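Please examine the following model before reading on. The paragraphs below lead from the overall fold to its details.

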Amino acid sequence: MDRMCIRDIQLKCIIGTNPAERTTKQWVCINVALDCNLAKAGRTDRLEDTINYKKLKDQIVAMIEKSKFFLIERMADRIARLCLAMAGVKAVTVTVDKPGALTGARSAAVEIARKKK
């Protein structure tokens, strides 16, 4: 199985459970790893034969910028669902980091893995 990655999507959104987090946008960093078959695109060199990672990144950004999730777990799950809806994606691993969430730590993060049913 091949893997396509989109690394370090950084954007601001409403995320968190504390009152201040519900009104002030915070940074998140998103990483996505897609399990898929890239062999045909490797042979043909055609965008039509692969997953358009720019399109997927734009869809993730659009969803997260307008979201107001309480938990990064929920955010990761929604990103995974979006990825699995794309043709050719068989499984996905999503990592969401919330920098500055913990004093003395670079970030708090969750990583989830989901498969197409």
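At 45% relative accessibility, Asp8 is classed as partly exposed. This residue of the predicted model belongs to strand E1. Asp8 is not a glycine, yet its phi is positive, at about 60 degrees. In general, residues other than glycine mostly have a negative phi. A second residue of this kind is Asp45, whose phi is positive and near 65 degrees although Asp45 is a residue other than glycine. Asp45 is located in the loop between helix H1 (39–44) and H2. With a relative accessibility of 73%, Asp45 counts as exposed.

These two positions can now be placed in the chain as a whole. The protein chain contains 3 helices and 5 strands, and from the N terminus on the order of its elements is β-β-α-α-β-α-β-β. Along the principal axes, the C-alpha atoms fill a box of roughly 50 × 25 × 25 Å. Of the 117 residues in the chain, 43% are buried. When contacts between residues at least 6 apart in sequence are considered, 60% of them join residues at least 24 apart.

The chain carries 23 positive and 13 negative side chains, with the centres of the two sets lying 5 Å apart.

Helix H3 illustrates how the elements pack. H3 comprises 13 residues, 72–84, and extends 18 Å from its first C-alpha to its last, close to the 18 Å expected at 1.5 Å a residue. Its buried residues are Ile72, Met75, Ala76, Asp77, Ile79, Ala80, Cys83 and Leu84. What do the buried residues of H3 pack against? Their partners are strand E1 (2–15), strand E2 (26–36), helix H2 (53–65), strand E3 (68–69), strand E4 (91–99) and strand E5 (107–115).

The cysteines remain to be considered. A disulfide is a covalent bond between the sulfur atoms of two cysteines. How many disulfides does a search of the whole structure find? The search finds 0. For Cys29, the closest cysteine sulfur is that of Cys13, and the 12 Å between the two sulfurs is too far for a bond. Cys29 is also buried, at 12% relative accessibility. For Cys36, the closest cysteine sulfur belongs to Cys5 and lies 9.0 Å away, again too far for a bond. Cys36 has a relative accessible area of 1% and is therefore buried, the cut-off being under 20%.

Key. Residues are numbered from 1 along each chain as its sequence is written. This is a predicted model: local features need pLDDT of at least 70, side-chain atom pairs count only at pLDDT 80 or more; totals for chains, interfaces and linings use all residues. Side-chain values use heavy atoms; hydrogens and water are left out. Helices (H or I, at least four residues) and strands (E, at least two) are DSSP runs, numbered from the N terminus. Buried means under 20% relative accessible area, exposed over 50%, partly exposed in between (1.4 Å probe, protein chains only). Contact means heavy atoms within 4.5 Å. Lys and Arg count as positive and Asp and Glu as negative; His and the chain ends are not counted. The place of a charge is taken as NZ of Lys, CZ of Arg, CG of Asp or CD of Glu. The expected span of a helix is 1.5 Å times one less than its number of residues. A disulfide is a pair of cysteine sulfur atoms within 2.5 Å.
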